[in-house]
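Work through the exercises below with the sequence and the model open. Each task is followed by a solution in steps.

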Amino acid sequence: MPELPEVETVRAGLEKHVVGKTIITTKQLHPRALRPDSLGPLKTFKGAKVKRVNRRGKFMWLEFDRPEVLVAHLGMSGQFKVQQQGSTQEAHLRANFALSNGKELRFIDQRTFGWLAVDTLTDGVPNLVSHIARDPFDPKFIKAEVVSNIQKKRGQIKKVILDQEIISGIGNIYADEALWRAKIHPETIASELTKTQISNVITAATNVMLRALAAGGTSFDELYINVNGESGYFERSLAVYGREGEQCRRGSRCGSKIIRIAFANRSSRLCPACQTR
DNA sequence: ACTACGTCCTGCTTGC
DNA sequence: TGCAAGCAGGACGTAG
């Protein structure tokens, strides 16, 4: 599942492979590939030259030599690939942009939770992204402010850190990992935590995402952009996600097994010994 | 204003 | 063996 590290890997890949290229033709292959509130069709970008690729949380956008930007969210299964023009089409190809260098930028999305949109910027951020909070890697992210905002919330801490309007970039996997690292039970009410505990959660989330980013970056294929959330990091370093029934990795003192509990129609994974309420 | 839940979707896994 | 139910999950709309 693309969370911040995966989206950042895609952003960096796009930056490397499409900045400076001009979009020659566009093709939308699925009705939901474009958000209904998009300011226009994909062909808005015909003849546009890519200037830069930006990101906030899990949202990214391409900027061109014109006011319109292409906003993208990968949803659950979205991918970008840069392939040779005319090469075999992927099964779930949703949109295609022919580039000036003989390649194609392809948006692929099996479960169609992802989307593209034409938008414009206000103060450097697309209007569709203006409600999203800064992520921990944003130079203007102010940790003390976020800690303060989190402490005002009456909801469960996991719900709060998944709220993209409070802190962005964290998804279900990194939320579980961060809470395990900070030894906080996901159902703890945010306002009942100390500032230090909340600060520890944010630090843990930042660190776990940094490590994932490093792993994703090294496994990045030079020839095309392909991120499906399955970087080597997932198999080696996750402490709780996908590890229910297995031993807690807290070292020799904790012999507990990772459990799974229901959370908002989904699941949380945690160590019942390390993460008490 | 805030919270909780349903909805969108496809493919893999589980269980009868 | 075959089929249906369960599960995965981000963001948003709506109901309470």
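**Exercise 1. State what share of chain A is buried, and check its overall dimensions.**

Step 1. Of the 277 residues in chain A, 40% are buried; a residue counts as buried if 20 or more other C-beta atoms, placed from the backbone, lie within 10 Å of its own. This is a predicted model, in which local features need pLDDT of at least 70 and side-chain atom pairs count only at pLDDT 80 or more, while totals for chains, interfaces and linings use all residues. Residues are numbered from 1 along each chain as its sequence is written, and chains are lettered from A and ligands numbered from 1 in the order in which they are written.

Step 2. Along the principal axes, the C-alpha atoms of chain A fill a box of roughly 60 × 35 × 30 Å.

**Exercise 2. Find the order of the strands in the four-stranded open sheet, and name its edges.**

Step 1. Chain A has six helices and twelve strands. These are DSSP runs numbered from the N terminus, with helices (H or I) of at least four residues and strands (E) of at least two.

Step 2. The order is 2-3-4-8, with antiparallel pairing; strands pair if DSSP finds at least two bridges between them.

Step 3. Strand 2 (50-56) and strand 8 (115-119) each have a single partner strand, so they stand at the edges with one side left without a neighbour in the sheet.

Step 4. Strand 3 (residues 59-64) is joined to strand 4 (residues 66-73) by six bridges; Leu 62 has Leu 70 in strand 4 as its bridge partner.

Step 5. Strand 4 also pairs with strand 8, over five bridges, and Val 69 has Asp 119 in strand 8 as its bridge partner.

**Exercise 3. Decide whether the faces of strand 8 are covered or open.**

Step 1. In a regular strand, side chains alternate between the two faces of the sheet.

Step 2. On one side of strand 8 lie Trp 115, Ala 117 and Asp 119, and on the other Leu 116 and Val 118.

Step 3. Every one of these residues is buried, and both faces are covered.

How values were computed
A residue is buried if 20 or more other C-beta atoms lie within 10 Å of its own, exposed if 12 or fewer, and partly exposed in between; C-beta atoms are placed from the backbone.
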